[in-house]
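Reader: I would like to go through this structure with you before I set anything up. Could you show it to me first?
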Amino acid sequence: MASLPVTDHDERYVYRFGGGVSDGGNGDRNLLGGKGANLDGMASIGLPVPPGFTISTAMCARYYDEGGAFPDSLRGEVANGLAHIEAVTGKRFGDAADPLLVSVRSGARISMPGMMDTVLNLGLNDDTVAGLAAVSGDDRFAWDSYRRFIQMYADVVLELDHGAFEDALEIAKEDKGLTLDTELSADDLRALVTTYKGLVEEQWGKPFPLDVHDQLWGAIGAVFGSWQSDRAKVYRRLNDIPAGWGTAVNVQAMVFGNMGDTSATGVAFTRDPSTGERAYYGEFLINAQGEDVVAGIRTPQYLTLAAREKAGARAASMEEALPDTYVELARVFDLLETHYRDMQDIEFTVQQGKLWMLQTRSGKRTAKAALKIAVDMANEGLITQDEAVARVDPAALDQLLHPTLDPKAPRDVIAKGLPASPGAASGKVVFDADTAEKQAAAGVAVILVRVETSPEDIHGMHAAKGILTARGGMTSHAAVVARGMGRPCVSGVGSLAISAKDKLFRVAGREVKEGDIVTIDGATGEVMLGEVATVQPELAGDFGTLMAWADEVRRLKVRTNAETPLDCRTARRFGAEGIGLCRTEHMFFDAARITAVRQMILAEDEAGRRAALAKLLPEQRSDFAEIFEIMAGLPVTIRLLDPPLHEFLPHEDAEFNEVAAATGVAVDQLKRRAAELHEFNPMLGHRGCRLGITYPEIYEMQARAIFEAAVDVATRTGEAPIPEVMVPLVATRRELEIIKALIDRTAAAVFAEKGRTLDYLVGTMIELPRAALKAGEIAEVGAFFSFGTNDLTQTALGVSRDDAARFLGTYVEQGIYPKDPFVSLDVEGVGELIQLAAERGRATRPDIKLGICGEHGGDPASIAFCEATGLDYVSASPYRVPIARLAAAQAALKAK
Ligand code: PEP
Ligand code: MG
């Protein structure tokens, strides 16, 4: 390897690759970004990579620190980098006879497809274009490259209105009566270049930069600048990418896939990114540049003969059209998979028969493919079982747990496109991203329908249940982004005639307007009118295998937060090992019961409350009995009533009338009582155990329902339930003591009446900072703690759970909290309270059972914290149980 270039400052920012050089030494992706690291990696194993250099991510941070300026030392380093490219290619940058052209691309640590800027063909000007024409022997190619360059540079670097350039291209074709760009002659393109330059001067106020070094520095600045573009910010927020990471910039010699019929460009995956099947999978275009494939402007051809035949396509596959290059490419695929030990997503170009590798990275894939690839690779011996467990993103499992279309359900198929991202989705049709976002925020399920998506649509794609596009292949922006987000997507439905202006599309003689419901099936590519019935997902197969491997290494138990029989059954199917939180107040949301609850709340005295409670007791008892039966043999934590009053008080006249009818109390009197009960801060009000302290008859009724149900089920089924009675919102030892005495008294009374006892535990939630601090004392009374991190976050941060959404986004954007602390635990602050409570609780009662039941119990990052803190279990909502199982296994592997 050649030695490092000498620089006159201490920090080095430029790393060269290609032509036998690999300054990065097989790639540190934190420094070089993913693209730069892998270009370096490919160069280091001898693959054909066009020479280039990477300006590191450290420069991005410095660029922003210095208010968008570069240190002088960078000039020398970039000059060294260019000299390297010139030496390897034998061409010179700016040389009128045989010019070197370069691409300038972004590359963050984690790939952010389409989110940042790229400039191709840089180095062309009025002089070098002639050299390019002479050397390539192709005038048309040279002028086409030049006009593409101006168009891209004007858009990306100068940020001019790209519509004007597209219009000029359309007019140039119309003037000649042509339809395809490729039909324009060299002279037409030369004229177009003049038009483009005029447009630049008109919009920018200065002539197009003809100095190639000015061009290069402009592009480098634009790529660094694109790190702070709106779309990059949205992408980072959705994918939890820290703003401080920055992007690298890769400058690389251009190779041309548009130099005739032995030239081509393509993208490929080493395995199928939708299904995970072990088959090369990709698309290519003869005589084209890379952006033509990704942008979905021309419909690409298949890579393999098998794929072409399966799709019934006519255009030759690469295996047929360029057989020798295909064989070499397949060899490179295998080398790369073995080298990186993962499925790769590859960009390549063939220039006049010679294969060049432009990029490789771990390929984005659906959850289904991620599972299959991980399990297959472990079975092939390429990775270990533990690595397979570590590879699958727990959050992505969500895609697999939801229903798919019922194959037997009737369906009215109106079109078929490419199965770009699997899963089924139904929703109202919308035609733009902003409407998608607005409607989704109002709770409407929408399908975003676009001719093709662009990075500006990302917020709408995220908000939509599914995405439907008229153009674009399997590797188009829509397809890649949808797969990454886990949104079902059908792309390339050529028969769709969309009029975004009139808010409708037409297909097969039918008209679908905004607001009409359609269903898309991202696994088959079908588009259907109306909603189609669904069936439950298949939990065996690769899913079952990987979960079994995960369970082998997991230490934390996983329970569920559930209170309805349906949720309890779902959670058990997903592998829940008990109930960590049964919110009894949720059992009263039912329309038939809420009136009795309101009667209880509005009662003027104990007698009135007891009358209402008598109605609720049998209901509670039968609910608990059903849950105990479903959860046979597993612990069930039942939390006593914790109703924030504002959620239960009647508001509407009709609601008051119902309570009046049930109680015989006049509406006016009820309204007066409701006004008396009104609270300014209900979250800090008369809720949790405060209710049990002031109105003990409420908790007494609930305790009675629990024990009567438990004894009945034990007698009926022969299997004794394991009730864990949990007291909410405890702040002091004394509160718990009073309520525990009440529970124990009630249990003793029920056992005496029934002539049978059973084991139970009484414990508490730790959801107030005072409780965390006094955990040592509280553990003298309570046999278990369950961290209620929703309230603990609310009270530790002093941020209302119900009002936080208005300002927390800004907080996260500014890095005040790294993530929404109600979604992912504030490990530094709230986490410290949990650690302290766990320590103090254990010091008093070494065998105290510790769990978490706030929403954080289903969040992978928070689960890693629970593992590190040595909790016994996490409790998550039913659909997050498998996510928690996998996250707990990954946390255990990390701790190994
Ligand atoms: C909590 O506060 O974390 C908790 C689980 O209780 P709830 O969300 O019902 O207040
Ligand atoms: Mg709570």
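Author: Domain bounds here come from an automatic or database domain assignment. Please also bear in mind that this is a predicted model.

Reader: Understood. Which domains does the assignment give?
Author: The assignment gives domain 1 (1-125 + 211-254), domain 2 (133-209), domain 3 (264-365), domain 4 (407-532), domain 5 (584-758) and domain 6 (767-896).

Reader: How far apart are the C-alpha centres of domain 4 and domain 5?
Author: Those of domain 4 and domain 5 are separated by 46 Å.

Reader: Let us turn to the metal. What coordinates the magnesium ion (ligand 2)?
Author: Glu-767 (OE) and Asp-791 (OD) coordinate the magnesium ion, at 2.0 to 2.1 Å. These two residues are 24 residues apart and link distant parts of the chain. Glu-767 sits in the loop between β31 (761-766) and α29 (769-773), whereas Asp-791 belongs to helix α31 (residues 789-797).

Reader: And are Glu-767 and Asp-791 buried or exposed?
Author: Both Glu-767 and Asp-791 are buried.

Reader: Now the strands. How many residues of β28 are buried?
Author: Five of the five residues in strand β28 (residues 579-583) are buried, which leaves the strand mostly covered.

Reader: Which strands does β28 join by bridges?
Author: Strand β27 (residues 557-561) is joined to β28 by two bridges, and the two run parallel. Within that pairing, Asn-561 is opposite Leu-581 of β28. Strand β29 (residues 635-639) is also parallel to β28, with three bridges between them. There, Cys-582 has Ile-638 in β29 as its bridge partner.

Reader: What is the order of strands in the open sheet of three?
Author: The order is β21-β22-β23, and the pairing is antiparallel. Strands β21 (497-499) and β23 (510-513) form the edges, each pairing on one side only. From one strand to the next, the twist averages 20°. Strand β22 (residues 504-507) pairs with β23 over four bridges, and Phe-505 is placed opposite Val-512 in β23.

Reader: On to packing. Which residues touch the most other members of the largest nonpolar core?
Author: They are Leu-546, Met-600, Phe-628 and Phe-707, in a core of 132 residues. Helix α27 (residues 696-717) supplies the largest share of this core, with twelve residues. A second, separate core has 85 residues, among them Ile-85, Tyr-153, Leu-189 and Ala-436.

Reader: What does Leu-546 touch, not counting residues up to four places away in sequence?
Author: Leu-546 touches Leu-371, Ala-374, Val-375, Ala-388, Val-389, Val-392 and Leu-886.

Reader: I am also curious about helix α9. Which of its residues are buried?
Author: In α9 (residues 230-238), the buried residues are Ala-232, Val-234, Tyr-235 and Arg-236. The buried residues of α9 pack against α8 (212-226) and α18 (458-463). Asp-240 follows α9 and has a positive phi, near 55°.

Reader: What is Arg-840 in contact with, leaving aside neighbours within four places in sequence?
Author: Arg-840 is in contact with Leu-773, Ala-775 and Gly-776.

Methods: Residues are numbered from 1 along each chain as its sequence is written. Chains are lettered from A and ligands numbered from 1 in the order in which they are written. This is a predicted model: local features need pLDDT of at least 70, side-chain atom pairs count only at pLDDT 80 or more; totals for chains, interfaces and linings use all residues. Side-chain values use heavy atoms; hydrogens and water are left out. Donors are N, O and S atoms within 2.8 Å of the metal (3.2 Å for Na, K and Ca); water is not among the atoms, so sites may look incomplete. Buried means under 20% relative accessible area, exposed over 50%, partly exposed in between (1.4 Å probe, protein chains only). Two strands pair if DSSP finds at least two bridges between them. A nonpolar core is a set of buried Ala, Val, Leu, Ile, Met, Phe, Trp, Tyr and Cys residues joined through side-chain atoms within 4.5 Å. Contact means heavy atoms within 4.5 Å. Axes are lines fitted to C-alpha atoms, for helices over the stretch in contact, and angles run from 0 to 180 degrees between N-to-C directions.
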